[in-house]
Amino acid sequence: MREDKKDAFFVGHMQDLAERSFRQGFPLFSDFLTTSQLQVLSGMLHTRDGVKVSFWGGSYDCEYVMAGFFPAGYPECESSYFPIDILHITTSQNGDKTLTHRDFLGAIMNLGIERSKIGDLRIAEGDAYVCCHRDFSVYIIENLSFVGHESVTCHRIEEEHAKLPGRQYEEYTRSIASPRLDNVISAATGVSRTKAAQFIRQGLVIINHKECSSVSFHCRDDSLITVRGFGKFRIMIPENSYTKKGKQKIIIYKYI
């Protein structure tokens, strides 16, 4: 029930943005959306005639994106219209190069910034690159001086050079009896199905940004799964891809 109310509030907010964009004659933008919010939004893309919806997160392959509502007849829905900056967070030359995604994101949110104002964050050679709402980029640059105990500097990447590093994955293939959630979690983490089921029932598994406590949940292709203590995985389930014994082949991309 709580999730239903949350979704209803979100839909109402998106419809309001579309209506205001139409009436005012200029584009309006959401915060960064999660995968589950995108799924909700996909069901209402044509609820307002005269408004086009476009998505952008700062790079072509972003997980978190903003929705842009553009009145019909407005110039092309270019990515440059979106209020997104890419910031480069740099550690010192002899600093700690093992800082993680959680370290950098936690430091930014400790500044009092909501998660919805931050998009994708990627690590490359010990530095971090983060997409953020343009309204908060100067604040982050001026106030982010430490990540953990490590001194850092932060600057905005100029628009013509703004590009996120490519995603980094560890890729491996597994075969499972069926795409039930316990099977998938077992294959992704290397624990037994019994242990995987415990993780699920304990609320340690998040699918597309929503907690799932059903062991028998049927995973879909291109699901984003987080297992607390093990990290984040993207699960691909190719159609008609089975072993000789009839097991389903899946491709697992573990975020590094």
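A charge is said to sit over a ring if NZ of Lys or CZ of Arg is within 6 Å of the ring centre and within 35 degrees of the ring normal. In this predicted model, the charged end of Arg 115 meets that description, since it sits over the ring of Tyr 64 at 4.3 Å from the ring's centre. Beyond this contact, a search of the whole structure finds eleven salt bridges, and a search of the whole structure also finds nine aromatic pairs. The points below take up some of these contacts, together with the places of their partners in the chain.

**A salt bridge within one helix**

- Glu 19 and Arg 23 form a salt bridge in which the closest N and O atoms are 2.6 Å apart.
- Both residues belong to helix α1, which covers residues 2-24, and because they are four residues apart there, about one helical turn separates Glu 19 from Arg 23.
- Glu 19 has a relative accessibility of 24% and therefore counts as partly exposed, whereas Arg 23, at 64%, counts as exposed.

**A salt bridge between a strand and a loop**

- Arg 234 and Asp 222 also meet through their side chains in a salt bridge, with a distance of 2.9 Å from N to O.
- Arg 234 lies in strand β13 (residues 231-236), while Asp 222 lies in the loop between β11 (210-211) and β12 (223-227), so this pair ties together parts that are twelve residues apart in sequence.
- With a relative accessibility of 17%, Arg 234 counts as buried, because the cut-off for that class is under 20%, but Asp 222 is partly exposed, with a relative accessible area of 37%.

**A network of salt bridges**

**An edge-to-face aromatic pair and its cluster**

- Among the nine aromatic pairs found in the structure is the one made by Phe 29 and Phe 70, whose ring centres are 5.8 Å apart and whose planes stand at 85 degrees, so the pair is edge-to-face.
- Phe 29 lies in strand β1 (residues 28-33) and Phe 70 in strand β3 (residues 65-71), which means that the contact ties together parts that are 41 residues apart in sequence.
- Phe 29 is partly exposed, with a relative accessible area of 21%, whereas Phe 70 counts as buried, at 0% relative accessibility.
- Phe 29 and Phe 70 also belong to one aromatic cluster, which they form with Tyr 74, Tyr 81 and Phe 82.

**A tilted aromatic pair**

- The rings of Phe 199 and Phe 230 have centres 5.4 Å apart and planes at 50 degrees, so this pair is tilted.
- Phe 199 counts as buried at 10% relative accessibility, while Phe 230, at 29%, counts as partly exposed.

Technical notes:
Residues are numbered from 1 along each chain as its sequence is written. This is a predicted model: local features need pLDDT of at least 70, side-chain atom pairs count only at pLDDT 80 or more; totals for chains, interfaces and linings use all residues. Side-chain values use heavy atoms; hydrogens and water are left out. A salt bridge is a side-chain nitrogen of Lys or Arg within 4 Å of a carboxyl oxygen of Asp or Glu. Helices (H or I, at least four residues) and strands (E, at least two) are DSSP runs, numbered from the N terminus. Buried means under 20% relative accessible area, exposed over 50%, partly exposed in between (1.4 Å probe, protein chains only). Rings of Phe, Tyr and Trp (its six-membered ring) pair if their centres lie within 6.5 Å; planes under 30 degrees apart count as stacked, over 60 as edge-to-face and the rest as tilted.
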